[in-house]
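Got your viewer open and your selection tool ready? Let's take a short walk, one stop at a time.

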Amino acid sequence: MAADASSLWETLAGSFLTCNICLGHYCQPKILPCLHSYCQDCLKTLQGGAKRELRCPECREPVPLPAGIEGLKTNFFINGLLDLVPPVEKARVTCSLCPLIGQDASSVAVSHCIDCADHLCQACASGHRCSRLTHKHLVVDMEAYHSGKYNEEIRKRQAARCKEHKGENLQYFCIPCAAALCRECRLGHHLEHPCLSLSEAAKARRPVITGLLAGVAEKVQLIARGKASLEEEIKEMEVWNTNIRSVVEQTCAKAVEQLLSHKGQVLAQLSSYLEERKVASRLLLSELGFQEQVASSTVAFAQKVLSLGQEEEIVSLEQMISERLRQLQGFSWEALAVQVPKLRIQPNLLCGCNLFHLEFHEKPTAAAPEGYAQVARKKAKQKPPQGAEVGEACRQEQAPSGGSSGLLESGGPPSPNGPEVPRLTPKPVFFCSFWVKVPTDKKQPQITGLCPFGSGEILLADEQNKKLKRFSVQGEFKGTIPVPGDVAPFSVAAVGNKVVFTAASQLYVLNETGGIVWQKALKGGQASHAVTTCDGNCVVVSVAGHLEVFNMKGQLLERIVPEGSHDRSLVFLGRWKEGFVASDWYRRSVVLLGRKGDLVTEYQEEQLKESQPGSVCADAPGIIYVVLRELNKVVAFSEAGEVLGSFLTTENNIFKPRMVTIAGDGHFVAALTNGTVHVFKIKYQGK
């Protein structure tokens, strides 16, 4: 009992009876379904207006208010405790009975009846003790009442009195109404209801609450362990970060040192060779100059003898002159063997390959309780390889030619269930890069459309420069296809030797020389329309959430209405086997549609990393590629909706990708916002 009294006193002295909105004692406390209580007026202020719902200020749980704030349940438990709170200042307390019997209403109360909950003056207290009806009541002096000495007795009597029938004790519990009843309540409209005695009902309900409390206590411990585990993981991540950064810095420094050393060796070798050749050339040059001088002087002397000499003089000198001239004619020299220096650069250094390849593997964890495992699965947290492992991988030699990969992996322990059957996964192999700006462009290129064109070519729609440009997959500019008037092409597709493109709300079909075959006005009020092909000789264009199919004569063949078309906005469109793949900007998803518009798969916003999907395309095996421009990525998906991973990232020099397509013999073409085009070959791994 002493412990209970101490607990009650701590509750009254603490902040349990304080409203967390006004920070004062509760006034007309209302309890919310989340068990948080607030003053009625504080909740009205928080509600603000005629809203029929509010959120708990502490746990943010929504609370419906069908009957307003007044309709919330009053917290009688807190009300009962508030009756025990002593006044902050000692005010003058008057007698509660004197006004009822016509006496002076200002009589000072000196006692308090615990049973009646009335303040009594000296005379009324004496009469109260002598009355036949109240002589057993507990009457205490006011100082003892305010000190909290009788709080336990007051709580017992509070719990036993009926709020509707004064003086009646609560004795029963109505099961259908879940309410405590006095004798009068029991004989009233609860007469036909099944009831239990109050003690039996409390005894039956205590184990329920006790069991739930034990479960919540376990959950609190589980949460505490989860928090501790997360804090430990954060510390581990800092260690990983430090280790990997250190390895990367050291490896880069060593690589730079080796490159600079090799640079010095190559340049020194070049300088030594050139100096040696220069010395040999100067020596030969000096010798040739000397011989030239000797020959010139001899020729001059012989010519003078022939022109000025007497006959006997010519005859006498002829033998000497002839012998000397024959000597000079026999002079010869050996040309220097000059080896032209030629520099060969290792192709792997410039083909987009990277020194490092950072991967993230699942961290093996010990068995955890079920609730924690569910939270862990939602986090999908992955652990990168340790810095020491990365450093060791970097020091190993590259796999020999013919191996499965040129990248060395730091793998974990083998699977206990044996090797898994690998899935079909695309990997990019760099092919070439080029810029699409041509000399006649007046502005920075803005690629808004991209498609394969003929054999080994791609066709670009440059909206900024109002051009349709042709390039080979090797990056060679093949010319432009003229567009009519001042039209800025947006989306583009090719059907045979004809070019289809959209501009604003118009659909154009041109021949290969730029002549207009036909032109259509598109409805739906869209600012732009995506276009692709189907059935080999038909044009498909997105219009207001559905697809319209035209033949090459300009006739509308059919309208394909995808499932849920009323709230879709198909901004990017591509072919997928016999159907279509499209980016839905309204739902922030990517949809895979059959030929008749049936929904095959939908890649949700969560799978797209909460990013707006951009350009889409599909390869021959049916793998879907989606541009996530905000993340500088192109992500691959299977037809079944499985994420196959990032296909292109910043490691492949992908920055702000805009358009993608599949061209030629399995060439993946990615156009960036700055007008750069990267071409990759797709290498498939797995089955």
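Predicted model: local features only at pLDDT ≥ 70, side-chain atom pairs only at ≥ 80, totals over all residues.

Stop 1: Select residues 447-453, which make up strand 13, and then residues 457-462, which are strand 14. The two run antiparallel and are joined by 6 bridges. Together they form a hairpin, with 3 residues between the strands. Click on Gly-454 in the turn: its phi is positive, at about 65 degrees. Now look for Phe-453, which stands opposite Glu-457 in strand 14. How many of the 7 residues in strand 13 are buried? The count is 6, so this strand is mostly covered.

**Stop 2: a serine under cover.** Next, pick Ser-472, which you'll find in strand 15 (residues 467-472). Is Ser-472 buried or exposed? Its relative accessibility is 4%, and because buried means under 20%, Ser-472 counts as buried. What does it touch? Leaving aside neighbours within four places in sequence, Ser-472 is in contact with Phe-434, Gly-456, Glu-457 and Lys-478.

Stop 3: Now go to strand 9, residues 170-174, along with strand 10 (179-182) and strand 11 (195-197). These make an open sheet of 3 strands in the order 10-9-11, with antiparallel pairing. Strands 10 and 11 stand at the edges with a single partner strand each, so one side of each has no neighbour in the sheet. From one strand to the next, the twist averages 40 degrees. Zoom in on strands 9 and 10, and you're looking at a pair joined by 4 bridges. Tyr-172 stands opposite Leu-181 in strand 10. As a general rule, strands of a sheet pair through backbone hydrogen bonds.

**Stop 4: the helix across the sheet.** Helix 8 lies across strand 9, strand 10 and strand 11. Turn the view to compare helix 8 with strand 11: the helix runs at about 95 degrees to that strand.

**Stop 5: a nonpolar patch.** Last one! Select Val-208, Ile-209, Leu-212 and Leu-213, and show the surface. They form a nonpolar patch there, with about 420 Å² of accessible area together. Why does Leu-213 count as exposed? Its relative accessibility is 57%, and exposed means over 50%.

Note on methods
Residues numbered from 1 in each chain as written. Heavy atoms only, no water. Patch = residues over 30% accessible without salt bridge, like charges linked within 9 Å, V, L, I, M, F, W, Y side chains within 5 Å. Areas by Shrake-Rupley, 256 points an atom, 1.4 Å probe, with all protein chains shown as cover. Salt bridge = Lys/Arg side-chain N within 4 Å of Asp/Glu carboxyl O. Buried < 20%, exposed > 50% of the residue type's maximum accessible area, 1.4 Å probe, protein only. Pairing = 2+ DSSP bridges. Axes fitted to C-alpha atoms, helices over the stretch in contact; angles between N-to-C directions. Contact = heavy atoms within 4.5 Å.
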